[in-house]
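Colleague: Please take one part of this model and go through it closely. I would like the overall build first and then the packing inside.

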Amino acid sequence: MAQLIVFRLMSPVAAFACAPVLTGMIAKTKAFFAGRRGPPLFQSYYDLIKLLQKGAVYGDTSSWIFRAGPVVSLGAALVACCLIPFASFGVPLSFSGDLIFFACLLGVMRFFTVIAALDTGSPFEGMGASREVFFSALAEPVFILGLLSVARGVPSLRMDDIFGAGIGGTLATRLLAGTTLFAVTLAENARIPVDDPATHLELTMIHEVMVLDHGGPDFAFITYGASLKLWLFCLITVRTLLPFHAASPITDSILTALCMVALAGIIGVVESVMARLRLIRVPQLLAGAGALSVLALLFGLGVMR
Amino acid sequence: MKLFLMLCIFAPAAVSTATIPLRARPNLQRFAGVVVALAASIAGLWTAACTLVTGDILTFHAGWTMPAGSFSLSLDGLSAVFLIPLFILSAAGAVYALEYMKESASGRNQGFAWAYYNILVSSMALVVTASNGFLFLIAWEIMSVSSFACVLHNHEQTESREAAWIYLVATHIGTAFLLVFFLFAGARCGSLDFSAFARHGFSPHASSFLFIAGLVGFGSKAGFVPFHVWLPRAHPVAPSHVSALMSGIMIKMGIYGLMRSMVMLGHFQPWWGYLLVSIGCVSGIAGVLLALGQHDLKRLLAYHSVENIGIIALGVGAGALGVSYGIPSLAVLGFCGALLHVVNHALFKGLLFLSAGSVLHAAKTARIDALGGLIKKMPATAMGFLVGSIAICGLPPLNGFISEFLVYLAGFTGLSSSSVPVFGMSAALVGSLALIGGLAAACFTKAFGTVFLGEPRSNTKSPRESGPFMRAPMYGLGAICLIIGLFFGPLSHFLAVPAGLLASVPSAQAAHEIFRVTPSLAGISYGSMLLAAAVAALFLARKALLSKRPVTTSSTWGCGYGAPTPRMQYTASSFAQPVISFFGRVLGVKPDESGPESPFPAPWKFHSHVPDLFLDNVYIPAFKAVDKGLSRLRWLQGGKVHRYVLYIAVTLIALLMWNVLWPN
């Protein structure tokens, strides 16, 4: 019984413990392309610890919504980590149709981040919030259709089955769905080509500027929540493209962790070799990803072999 | 039980009409109006709950002196599902109106406003329980006319009169189609009773014709695109509790009529499902896109009603597809999702309209771009609007998520079927529902953020929070939304009887299908409670972290600008601009190309406007053409009485000759 509980809890615990490594890996890869040594791999952890030890400054325009935003968005991210299995471990919360619950938890995260941004009364946050809701409105159907094309191949509607033990679906479906999900990962996690996380120009930011006014523990919650979201999207993409299973749980965990780090490296490569797209081109990227996801769905039906 | 039913249907109208002459005692009129509404609500909710729990059907039959039809009522599971939100909203609206209408009707006979409201409630209860076509049409007409009278409350304003006129014309065009529906069906069956319709097997052509007539007639009341044009004009000008009632439950009377006619026609054909899913996709997406472009808070909420009716149509379409292709799980899930969304939308749309009314009452304007920062002055209203926004975006842990989840599950069931049309329709359903959800989140962050957050954008006089009678209904509706969101699992089997009726399966099988979904609903409850627990834990953790550290306030960072003003904030139009310009071609938005011209430019204005394409390009030209054509016949109306007497005589002689020459 205790073993079952531990087995189920390993997935969220792995997410909580290892998520900031991915952002460190992306930073290391970008530094390598720039000919630098870059910050240490665990720099994100040091940043979080530093932020947690600071005080807070709140704007006098803001209300309780601004104080609630980081708390609710991190809470939603923590619950979302309880839905997706890591390696061959189980999950604490699994039911048929939890795809939609996952997507809507991300929606809760986004809703509260956006209204916390609007609470500051600053035009920068308003600009970032406006772009964010537009891109995520377009990314959501793409994401759900991509997940569905994988789910239909398994066939199951539980993420535990789809990304855990299930190895169903044709290679074509998985490749197309994986590409779609990679594009959504870049869009939802504020990576180039959708948004530049390292820019200092507020007028060009999307995600970074929405959280401009937060500091201290609030900013620690937001950064940690963003790294959890990146972990979850990378896990989904890795499990879609490589639905393997090794013999023992430990080998499986190490292999999955290595694949996640490799995917983070690939994201770093994409960030280093591409420039960020013009804002009016981002919907075209998402529409292209949407077309791929519809194709993946059709391949799954067996209409086009 | 039958006494309760009679009471809840007829008491509000009777009592409020009786108080109309008491002009000198407005307090008595208000008191009587509220008390009878509350009493009828309690009686009605009790009756509807008993019907849903026991599965019995209450019937009542009486003869009357009208030339056709009979006075027969019947309350089954399907009617009970619609009675529940009706009575919750009517009670909430009545309590709200105690304070809301206090100032607006001074000097006038308030009894009329209360009477119109209570007659509207009574007529809607009668529409839902009527089981004879003639009685149904009478109740439908009373509902339309009393809502017209309610909308005309502020009849001194031109906009109010025009909106009410458009509404009156639209509802009567719909009623014309309903007349065709009932007359055709009655001619085929020989009787206008619903039970006779259900027993009679209509031929495929007849049932197709009846379906189209019913779709147009009921769809225009429900607000399907392209029949929706009256909705965004009539709902903003009505008093807010009336808007809540109209948007929450009156448009659902169209859905009720559609569902009841589908039950009566039996033998679903596949193209009904295709048509309903397509209407759902178009209404949902068009509704939310048009809502994004609105500058008036209540008109934005009215367009969102169009969107949610689209979601309900998606559920009904999925159910229809399931019945015609013989997939019981798809049918039951689709209809359950639609029925639950009827109840949920009534609750959260009512909550949103009541809070918007509170804003209008306090700030005297509903223009979004003139408001701002209201959360500090009106915290309860802001909380109500926030709860309503989270619910309407379909986010956990509230009730909007549950009904959208059921419609998604119906879509997933369709996607795993092997028939290509069902697959295609389900893919369209899932894609549109996801897009609608994303755009709705964009729209409500815009509305909530611009109206309640930030700094006030204009110098409206300092608004005060509404009184207890306006706040109590908001708290009540929000609490019900939360309860349904967290604990729907045990309540789900009450939908078995109505869903089984709609899906043409025995209610035991429907209960079995719903039972298969119960673990998912339980999982959602656990997840939502886990979310609440996580948020609470993080809040305590932050409080502990900050307890020993300095916490100060300062002004918002504006890139070092020394003198920030509230006008520098993002406006609602700017917030929605990326979405509107992306969908510009579809919406018919013409970009404002002009700009300041010379080196020393004069003052310049920018105005953004999202037109309603159907009104401008279809209805207004059509009505103008009809007007032009009919104006050629104006010579018939000479104005002289003896000419009219001549017309009567000529018509009578013609009819007599027709009767003589062709006696049959």
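Modeller: Among contacts in chain A between residues at least 6 apart in sequence, 79% join residues at least 24 apart. That figure, like the rest of what follows, comes from a predicted model.

The secondary structure of chain A consists of eleven helices and one strand. Along the principal axes, its C-alpha atoms occupy a box of roughly 55 × 45 × 45 Å.

Buried residues make up 61% of the 305 in chain A. The accessible surface of chain A is about 10800 Å², and carbon and sulfur atoms hold 71% of that area. As for charge, chain A carries 20 positive and 18 negative side chains, with the centres of the two sets 8 Å apart.

Inside, the packing can be followed from one residue. The largest nonpolar core has 313 residues, and A:Phe102 and A:Phe143 have the most contacts within that core. Chain B takes part as well: its helix α13, residues 328-363, gives the most to this core, with 22 residues. Leaving aside residues up to four places away in sequence, A:Phe102 touches A:Ala80, A:Leu83, A:Ile84, A:Phe143, A:Met159, A:Leu232 and A:Ile236.

Chain B, the source of helix α13, can be described in the same terms. Chain B has 25 helices and three strands. Its radius of gyration is 26 Å, which agrees with the value near 26 Å for a compact globule of 664 residues. The C-alpha atoms of chain B fill a box of roughly 100 × 65 × 55 Å along the principal axes. Of its 664 residues, 57% are buried. Among chain B contacts with a separation of 6 or more, 79% are between residues 24 or more positions apart. The accessible surface of chain B comes to about 26900 Å², with 69% of it on carbon and sulfur atoms. Its charged side chains number 40 positive and 22 negative, and the centres of these two sets are 4 Å apart.

Key
Residues numbered from 1 in each chain as written. Chains lettered and ligands numbered in written order. Predicted model: local features only at pLDDT ≥ 70, side-chain atom pairs only at ≥ 80, totals over all residues. Heavy atoms only, no water. Helix = DSSP H or I, 4+ residues; strand = E, 2+ residues; numbered from the N terminus. Rg over C-alpha atoms; globule rule 2.2 N^0.38 Å. Buried < 20%, exposed > 50% of the residue type's maximum accessible area, 1.4 Å probe, protein only. Contact = heavy atoms within 4.5 Å. Areas by Shrake-Rupley, 256 points an atom, 1.4 Å probe, with all protein chains shown as cover. Lys, Arg positive; Asp, Glu negative; His and termini not counted. Charge placed at Lys NZ, Arg CZ, Asp CG, Glu CD. Core = buried A, V, L, I, M, F, W, Y, C linked by side-chain atoms within 4.5 Å.
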